[in-house]
Amino acid sequence: MPEEIKETFTNNCTKNIMLIGFMGTGKSTVSTYLHRWLGLAEVDMDSLIEKNANMSIPQIFKTHGEDYFRDLETKTLIEVQQKSQQIVSCGGGIVLRDENVTYMKENGSIVLLTATPETVYERVKNSTNRPILNGNMNVEYIAQLMERRRALYLQCADVIISTDQKSIEDIAFEIVKKIK
């Protein structure tokens, strides 16, 4: 990556970079790459929720239900937004609450990562950490759920990046170029 682009970006970056999108679109992977490349702090919302709750997301869903998880997600987002110049990998359902979108917009540039249902399936098919897909690990169900969330993602995105058949480096470069 051109060093001058990195330096210009990090010197002018005053907000968080909020990575949103359906599960399996590459949010965590891209977040880690951007963190290493740009030297900005990295926050993985799902990991932070698990740490604060002292249980895994599947356990939270099973024990307390999705509404409780969404409450934790909102609380964690508010906490994360107290700082800036972070790469924040958000959970796939962060856009389900309007208040979350408002919080993200206040202190962040929202980057929507997209992928086809087939790509998402290939990336998540062996995961046991996707409670929304329990019993529905197939392309058809993924496509239906993606379609239900599509408008919410598109409404709040400042930048949209397809991750299909692209390297992590290319995706990161495209994000920095479009945000700058």
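Student: Which residues is Gln-81 in contact with, leaving aside its neighbours within four places in sequence?

Tutor: Contact means heavy atoms within 4.5 Å. With those neighbours left aside, Gln-81 is in contact with Asn-16, Met-18, Tyr-103, Met-104 and Asn-107. Before going on, note that this is a predicted model, in which local features need pLDDT of at least 70 and side-chain atom pairs count only at pLDDT 80 or more, while totals for chains, interfaces and linings use all residues. Residues are numbered from 1 along each chain as its sequence is written, and side-chain values use heavy atoms, with hydrogens and water left out.

Student: Is Gln-81 buried or exposed?

Tutor: Buried means under 20% relative accessible area, exposed means over 50%, and partly exposed is in between (1.4 Å probe, protein chains only). Gln-81 has 12% relative accessibility, so this residue counts as buried.

Student: What is there to read in the phi of Gln-85?

Tutor: Most residues other than glycine have a negative phi. Gln-85 has a positive value, near 60°, and is not a glycine. Gln-85 is found in the loop between H5 and strand S3 (86-89), and counts as partly exposed because its relative accessibility is 34%. Gln-165 also is not a glycine and has a positive phi, of about 50°. Gln-165 lies in the loop between strand S5 (159-162) and H9; at 85% relative accessibility, Gln-165 counts as exposed.

Student: How many aromatic pairs does a search of the whole structure find?

Tutor: A pair of aromatic rings is described by the distance of the centres and the angle of the planes. Rings of Phe, Tyr and Trp (its six-membered ring) pair if their centres lie within 6.5 Å; planes under 30 degrees apart count as stacked, over 60 as edge-to-face and the rest as tilted. The search finds 2 aromatic pairs. In one, the ring centres of Tyr-33 and Trp-37 are 6.4 Å apart and the planes are at 40°, so the pair is tilted. Tyr-33 and Trp-37 both belong to helix H2, where they are 4 residues apart, about one turn of the helix. Tyr-33 counts as partly exposed at 22% relative accessibility, whereas Trp-37 counts as buried at 10%. In the pair of Phe-61 and Phe-69, the centres are 5.1 Å apart and the planes are at 40°, so this pair is tilted. Phe-61 and Phe-69 are both buried.

Student: Where is Phe-69 found, and which residues is Phe-69 in contact with beyond its neighbours within four places in sequence?

Tutor: Phe-69 is found in helix H5. Beyond those neighbours, its contacts are Asp-46, Ile-49, Ile-57, Ile-60 and Phe-61.

Student: With which side chain does the side chain of Arg-70 make a polar contact?

Tutor: A polar contact is a pair of N or O atoms within 3.5 Å; within protein, one must be able to donate a hydrogen and the other to accept it, and residues adjacent in sequence count only if both atoms are side-chain atoms. The side chain of Arg-70 makes such a contact with the side chain of Glu-73, at 3.0 Å. Arg-70 is in helix H5, and Glu-73 is placed in helix H5. Arg-70 is buried, with a relative accessible area of 7%, and Glu-73 counts as buried at 1% relative accessibility. Not counting residues up to four places away in sequence, Arg-70 touches residues including Phe-61, Gly-93 and Ile-94. On the same terms, Glu-73 touches Gly-93 and Ile-94, among others.

Conventions
Helix = DSSP H or I, 4+ residues; strand = E, 2+ residues; numbered from the N terminus.
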